[in-house]
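Dear colleague,

Please find below the structure that I am handing over to you. My findings follow it.

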Amino acid sequence: MSPPPFHLGWFYSKGFGPKAWKHGWAGPRAAVARFTRPDTAVDLARAMERARFDYFMIEDSSNVPYTYQGSHNAYLQHSVDTPKLDPMVLAPFIAQATEKLGVVVTCSTTEYHPFMLARAMNALDHTTDGRIGWNVVTGSNDGGAQNYGRDRQYPHDERYDMADEFLEVAHGLWRSWDEDAVVLDLEKGVFADGDKVHALHHEGTYFRSRGPLSAPRSPQGAPVICQAGGSGRGRAFASRWAETIICAARGVDAMKAYREDVRAQAAAAGRDPDGIKVLFLISPIVDETIEAAQERRKARWDFAESEVEFGLAALSRGSGIDFAQFALDEPLPALTSNGHQSSVAQMEGKVLRDVLRYQRHLECVPLTGTAQSVAAEMREVMAEVGGDGFLLNESYFSRRYVTEICDGLVPELQRLGLTRTEYEFDTFRENLLAF
C-alpha cells in the first residue's frame, strides 16, 4: 500500500535579491548583476510548476541591517539579507509565467495598514485567478521599525497581538463584498447590489478601518495564509490563522512534536487540523552518486566555516543581538531577544562557532545522496512525522541545483507516489487541501 502523498514548496530565502554570487555557481558577473530582474525567479517557478510544486514563497525584509558591530558594512560586503526588492513586484512576473503554481508574498503586519494590504492581496488574487498567498510576518529588527518611523519594534508577544487584530480586519475587508454582490444587469442598469457590500467599521486597539474593500471578492475569497510561528506565541498565532506553516524544527522527533502541537492548538480553537499543512525546511543535495553528494555537503559546511563574519552578521540581524561581543569558542550566556525568539532559545549554552554551523544550514533533516536514496529518506521522514510536506530552502541555489531537484529528485518522488503528478484544481487553496 502506497503512503499518502505530501506537498512541496520552495522557500525563496534572501528574497528578491542576489543568489549564489560568491560561489561562482550563478554564471558570469553580468548575470549576477541582473539580480534586480525577475529572470531567476521566473526560471525557478517554471521548473517548479513542471514538477508540480504547491507554492513558491518569497521571503522578505525591508531594511539594510546594522545590528552586527553597529554598522551596515558587513551586511553590504557579504550581501547578508540585503539588498532586497519588494516581493509584491516580483509576484506578478511569477504568476504570468505559470498557470497553477501558488505564489506566496511576505508582508509584515507592522509595516502595512490592514486596508492597504487587504486591497493589494485582493488585487493579486484577482489577477492570478486565485493563486496568491500571504506569508504573515510581524517584523523583528529595529532597523526595519526605524524605516517606518518607530524607534524599535513592538515587544515580541505584542506584535502577535497586533497581528491577530490585523488578520481580523483583513478578513473582514475580504468578506465585505458578498460573493454575489456584482450583478452586471445591463437591462436594469445595476453593476453591483449595494445591500451586498458592507462597511466594516472596525475600531480596535491598534487599527481603525471603515471599509468596505474597494473591489469585489477575489477568486479565493482571501489569500492562503502562510506563517512560520516558532515561539509559543507564534505557534498560537499560526494555529489560529495559518493554512500552511513553515517549520524549522531540527530532527524527526522535534518535527513530529511541532506538527502535533500546532494541530492540537488548531483543534482547540475550533479549526480542522487537516486544513493546516506544515511544511518542513530541507536543503537536499542530490548527485549521481552518494559519494559525490557527500563531497558537496562537505563543501557546503566548509563554506560556512570560512564565512564567519557572514554568519555572525546573519545571527545578529535575526536576533537583534550583536554577536560581535561574544568569543567564538566559548559557550553563549543566557540571551534575551525581541527578534526570532525560537532561534535564540536554542543557542543558550552552546559554543558560538557551533551555533554558526548549525544556523547556516536551516534544515530540519540533512538529506544527501542520489535521487533514489533521498526520495526514500523523505518517504521515511514523512511517515514518522505524519505529514504534510517539505519546503525546499537552498539560499545559494544554481540552475544546476534547480534541475537536480525538479527534474531529478521530484520525478523519483512521483514514481513512488509521494508527490502529485498533476494539479487537481485551479486555485492555490484547493490544491493545498487536495490531500
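The model is a predicted one.

On this basis, histidine 201 falls in the loop between E6 and strand E7 (202-203). Its phi is near 55°, a positive value in a residue other than glycine. Since exposed means over 50% relative accessible area, histidine 201 counts as exposed at 52%.

Aspartate 129 also has a positive phi, near 60°. This residue is located in the loop between H5 and strand E4 (132-137), and aspartate 129 is exposed, with 57% relative accessibility.

Most residues other than glycine have a negative phi, and most peptide bonds are trans. One runs from threonine 82 to proline 83, with omega near -5°; proline 83 sits in the loop between helix H3 (73-78) and helix H4 (87-97). Another joins glycine 211 to proline 212, with omega near 0°, and proline 212 is placed in the loop between strand E8 (208-209) and strand E9 (224-227).

As to helix packing, the axes of helix H5 (residues 114-127) and helix H7 (residues 156-174) come within 9 Å and cross at roughly 50°. H5 is therefore oblique to H7, and their crossing is right-handed.

Finally, Val182, Leu184 and Phe191 make a nonpolar surface patch of about 300 Å². Phenylalanine 191 belongs to strand E6 (residues 190-192) and is exposed, at a relative accessible area of 54%.

With kind regards

Conventions: Residues numbered from 1 in each chain as written. Predicted model: local features only at pLDDT ≥ 70, side-chain atom pairs only at ≥ 80, totals over all residues. Heavy atoms only, no water. Patch = residues over 30% accessible without salt bridge, like charges linked within 9 Å, V, L, I, M, F, W, Y side chains within 5 Å. Areas by Shrake-Rupley, 256 points an atom, 1.4 Å probe, with all protein chains shown as cover. Salt bridge = Lys/Arg side-chain N within 4 Å of Asp/Glu carboxyl O. Helix = DSSP H or I, 4+ residues; strand = E, 2+ residues; numbered from the N terminus. Buried < 20%, exposed > 50% of the residue type's maximum accessible area, 1.4 Å probe, protein only. Axes fitted to C-alpha atoms, helices over the stretch in contact; angles between N-to-C directions. Parallel < 35°, antiparallel > 145°, perpendicular 65-115°, else oblique. Left-handed = near helix turned anticlockwise from the far one by under 90°.
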